[in-house]
Amino acid sequence: NILYRMLKIGFDAKRIFHNTTGLGNYGRDLIRILSTHYPGNEYHLFNPQKPKVHRLDIKDNIYVHLPGSFKGKILPSLWRSKWIIKDLKKHNIQLYHGLSGELPWGISQINIPSIVTVHDLIFMRFPELYKPLDRKIYFKKFQRAVHETDMVVAISAQTKSDILQFSDIKPEKIKVIYQGCHPVFKKKQPVEFLEEIRRKYHLPDEFLLQVGTIEPRKNAFTVVKALKDLPYHLVLVGRETGYAQEIKSFVQKNGMKDRIHFLQNLDLREIAALYQLARVSVYPSIFEGFGIPIIESLYSGTPVITNRQGVFPEAAGPGGIYLDNAENVAEMKEKIKWSMENDLSGHIRSGLEYVQKFNDDVLAEQWMKLYHSLVP
């Protein structure tokens, strides 16, 4: 480990304390990794409102700040986007990191360098998934943040190329730093616990697993259609949208009710157990900024069937089982059948080897190097 001098780093912590999925997990993981591997720094989390999500272990080197002024408490989103600058100065913050594609107005006018993480530009790539006004707001925030910041961090090479396509900033202003995943997915769960989970959710010895919100972009319907004439079980873990109802009526109509299992509100250890019990996981999403369920699966020793297009090969590496067209039911059927009938030990081995590049110590070192390059 390189010896670094102590830094006081500020973070936009809204998602850490108010979001249970993607962006919240990203922030919580980053703070956990940094505060563990570089305990000498101070990590200041600026949270606009009283926390709703309590999933971050607040250590001695982590400080949580709510709006100090009366107007900041009444108008938390204005505090987050403008008035927070006063608080950054008050706490002598040396560097500010916007964790979800946003930065406070005027950050470039004060003497505090900043970084912004951009996760994806799905609102630009798939505009039909968003309301026009929302799209406009997201784009404005994105444009302002990438121009005002000292450094943009993209969570994948795919996101970097999207940023270059939809803005006029220079490639050297963007650095790719991947995200990791929660340590629970890297631990072998005890056999008794695995069996308890199998019994609790009435699961067979062999099944496929898909983790993520059940929405059109995640493309679970293609998997369900592919299973119509195959004998296998599928476990879908995630928040349900109207799209889940479409899948459920297809399942009902085709007599698949006993084979398609819908689960939600599981804790992380239960999800980790499901990955370890599954024969193979499926992640046929059409587009993502990265794809955390892929690396969760690889750490669990479970191969992944995923999309060959876009970011997915960055996450799955050489052990991925790839679909040329993730929406093609016949191809999905063929890949599932092959995965359930063949020896996957080679895929498991190369997946575990590849996923080590997302280890906490590797990522912590990349972040520290970047932070110190920006603080004079």
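Modeller: The lining of the second largest cavity divides by class into 3 nonpolar, 2 polar and 2 charged residues, where Ala, Val, Leu, Ile, Met, Phe, Trp, Tyr, Cys and Pro count as nonpolar, Asp, Glu, Lys and Arg as charged, and the others as polar. This is a predicted model, in which local features need pLDDT of at least 70 and side-chain atom pairs count only at pLDDT 80 or more, while totals for chains, interfaces and linings use all residues. Residues are numbered from 1 along each chain as its sequence is written, and side-chain values use heavy atoms, with hydrogens and water left out.

Biologist: Which residues line the second largest cavity?

Modeller: A cavity is a set of points on a 1 Å grid, laid over the protein atoms alone, where a 1.4 Å probe fits but cannot get out, and lining residues have an atom within 4 Å of a point. Here the lining consists of Asp12, Arg15, Ile16, Leu23, Gly27, Leu99 and Ser100, and the space amounts to about 40 Å³, a volume being the space filled by probe spheres set on the points.

Biologist: In what order do the strands of the open sheet lie?

Modeller: Strands (E, at least two residues) and helices (H or I, at least four) are DSSP runs numbered from the N terminus, and two strands pair if DSSP finds at least two bridges between them. In this model an open sheet of 7 strands, with parallel pairing, has the order β3-β2-β1-β4-β5-β6-β7. Because β3 (62–65) and β7 (174–176) stand at the edges with a single partner strand each, one side of each has no neighbour in the sheet. Neighbouring strands are turned by 25° against each other on average, direction ignored, with axes fitted to C-alpha atoms.

Biologist: Which strands does β4 pair with?

Modeller: Strand β4 runs parallel to β1 (residues 8–12), joined by 3 bridges, and Ile9 stands opposite Leu95. On its other pairing, β4 is joined to β5 (residues 114–118) by 3 bridges, also parallel, and His97 has Ile115 as its bridge partner. Strand β5 in turn pairs with β6 (residues 151–154) over 4 bridges, with Thr117 opposite Val153.

Biologist: Are the residues of β4 buried or exposed?

Modeller: Buried means under 20% relative accessible area with a 1.4 Å probe, protein chains only. Leu95 and His97 point one way from β4 (residues 95–98), Tyr96 and Gly98 point the other way, and all of them are buried.

Biologist: How many residues of helix α12 are buried?

Modeller: In α12 (residues 292–299), 8 of 8 residues are buried, among them Ile292, Glu296 and Tyr299. What covers them, through contact (heavy atoms within 4.5 Å), includes β8 (207–211), α11 (268–277) and α15 (345–354). Just after α12, Gly301 takes a positive phi of about 80°.

How values were computed:
Buried < 20%, exposed > 50% of the residue type's maximum accessible area, 1.4 Å probe, protein only. Axes fitted to C-alpha atoms, helices over the stretch in contact; angles between N-to-C directions. 1 Å grid on protein atoms, 1.4 Å probe; cavity = no way out; pocket = protein on both sides within 12 Å on 5 of 7 lines; lining within 4 Å.
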